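Open the model in your viewer and keep the selection panel handy.

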Amino acid sequence: MKNRPPGEDVDNIVQLNQAEMASSDWSDLLGSLAVKPDKHIYARLFNHFAPKVKAYIVRLGVALSAAEELTQEVMLSVWRKAHMYHPEKAAASTWIFTLARNQSIDWMRKQKYPQYSLDEWSETASESGQGEQEVLSDRVARAISQLPEKQSQVIYMSYFEGRSHGDIASRLDIPLGSVKSRIRLASEKLKQIWGGEEYEY
Amino acid sequence: MNINHHLDDATLVSYSAGALSQGMALVVASHLSVCPQCRQRAEINDAVGGVLLESLESETVSDDMLASILTQLDDLPAETHSAVSGLTRKTIDPEIPAPLREYIDCSLDQLEWKRIVPGVTYYDMPWEGRGVSRLLRIAPGKAMLAHTHNGNELTMVLRGSFSDEVGHFRRGDVADLDDQIEHQPLVDSEVDCICLIATDAPLRFTTLFGKLVQPITGF
């Protein structure tokens, strides 16, 4: 990690070298927070995720001072909603991403982003277990880095800048249909990896 | 629910990315609430968001944010399940998908429908933006005016059914169309067809009559 983790000196809570943590460890930690509130565990999750969440919020176009405040709100909700997290359903990063996304949109639009509800996660048939989620995350990360530039560009513009198909089309000066087919192609590759089909790296 | 028409991958990616307009996101969330198949695809896209979040270079967070949060935690009991699922205590009308219940607290028949032309009424969602976001109610045998789109159009059937050049759409189905499609939906059920629709740009009516009445349709 390039930046010094914030709040490192608070109560000497952070003892572990954050850089040595694998992504599955974060899901384990969040999973244990889901079972029992624990400030030490929370602090470790905070030190890892708060700087990422802030980076995401800033890329969405929120001014720095507001981004700081919004990051704090998102990280508070990690504590408040932790009991709703199921490590077997999603990686910690996925769960925190959806919290950050929803709260950022709510903040920017002053409207709640319609959700199919985190509650319903528990009813969703998800076959992969926790360890598998993490392996998948690593493979998807590699796959994203290997998408053709035209495809990764539309993925980044969607996720990091929150741009609609129409907005991307006018920015890149290409037809709406081209934007959608690029997103579909990228999505198809990522889904193949998720489904465990053969994929040439 | 037997669902035959699903969301486009490109739409699902934008939903997970948080890049859909309020109205489009409402249609997507409503379909997801009844379609396990699309929900599974949406979870993959959420996971892509998680991977991308991890890939970001960290932004410095002020030194006292953690301390400030830690002092708040004691006064901040974790949300309980009952507090979170307060929605479920309302009377549940199974005809209205859960995400839509946030904005409608009566049955579909009790809404104050406004008339566009005989046999076609609508109820607007409480927000403004580019394109429209509304419930549309069309009488049996009536057709929507032939149109195409400058952008995307999402339609989810809540009651009844309609057919168009693409296929036959029933309760739970979603028509996910863009500027490649010109269509004229015709209601073929015995009851009124009620749909939740959203567009992200104005429709383009393709007949002269359609062009003439466009100003009064609100599209």
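Which residue in β7(B) is the bridge partner of B:Ser163? Select B:His168: that is the partner. This is a predicted model, in which local features need pLDDT of at least 70, side-chain atom pairs count only at pLDDT 80 or more, and totals for chains, interfaces and linings use all residues. Residues are numbered from 1 along each chain as its sequence is written, chains are lettered from A and ligands numbered from 1 in the order written, and side-chain values use heavy atoms, without hydrogens or water.

**The sheet**

Select β6 (residues 162-163) of chain B. Two bridges join β6 to β7(B), and the two run antiparallel. Strands here are DSSP E runs of at least two residues, and helices are H or I runs of at least four, numbered from the N terminus. Two strands pair if DSSP finds at least two bridges between them. The three strands make an open antiparallel sheet, ordered β7-β6-β9. β7 (168-169) and β9 (186-187) are the edges, each with a single partner strand, so one side of each has no neighbour in the sheet.

**The contact between the chains**

Next, select the residues of each chain in contact with the other (heavy atoms within 4.5 Å). Chain B gives 73 residues and chain A gives 77. Together they bury about 7,000 Å², 60% of it on carbon and sulfur atoms. Buried area is the accessible area (1.4 Å probe) that two parts lose on being put together, summed over both. Highlight B:Leu53, B:Leu56 and B:Leu66. They supply 10% of the area that chain B buries against chain A, more than any other three residues.

Turn to the charges. There are five salt bridges between chain B and chain A. The criterion is a side-chain nitrogen of Lys or Arg within 4 Å of a carboxyl oxygen of Asp or Glu. Select B:Glu102 and A:Lys112 for one of them: the closest N and O atoms are 3.9 Å apart.

**One buried serine**

Finally, select B:Ser16, in helix α1 of chain B. Is B:Ser16 buried or exposed? B:Ser16 is buried, with a relative accessible area of 0%. Buried means under 20%, exposed over 50%, partly exposed in between (1.4 Å probe, protein chains only). Show its contacts, leaving aside neighbours within four places in sequence. From chain A come A:Phe97, A:Arg101 and A:Tyr159. From chain B come B:Ala42, B:Asn45 and B:Asp46.
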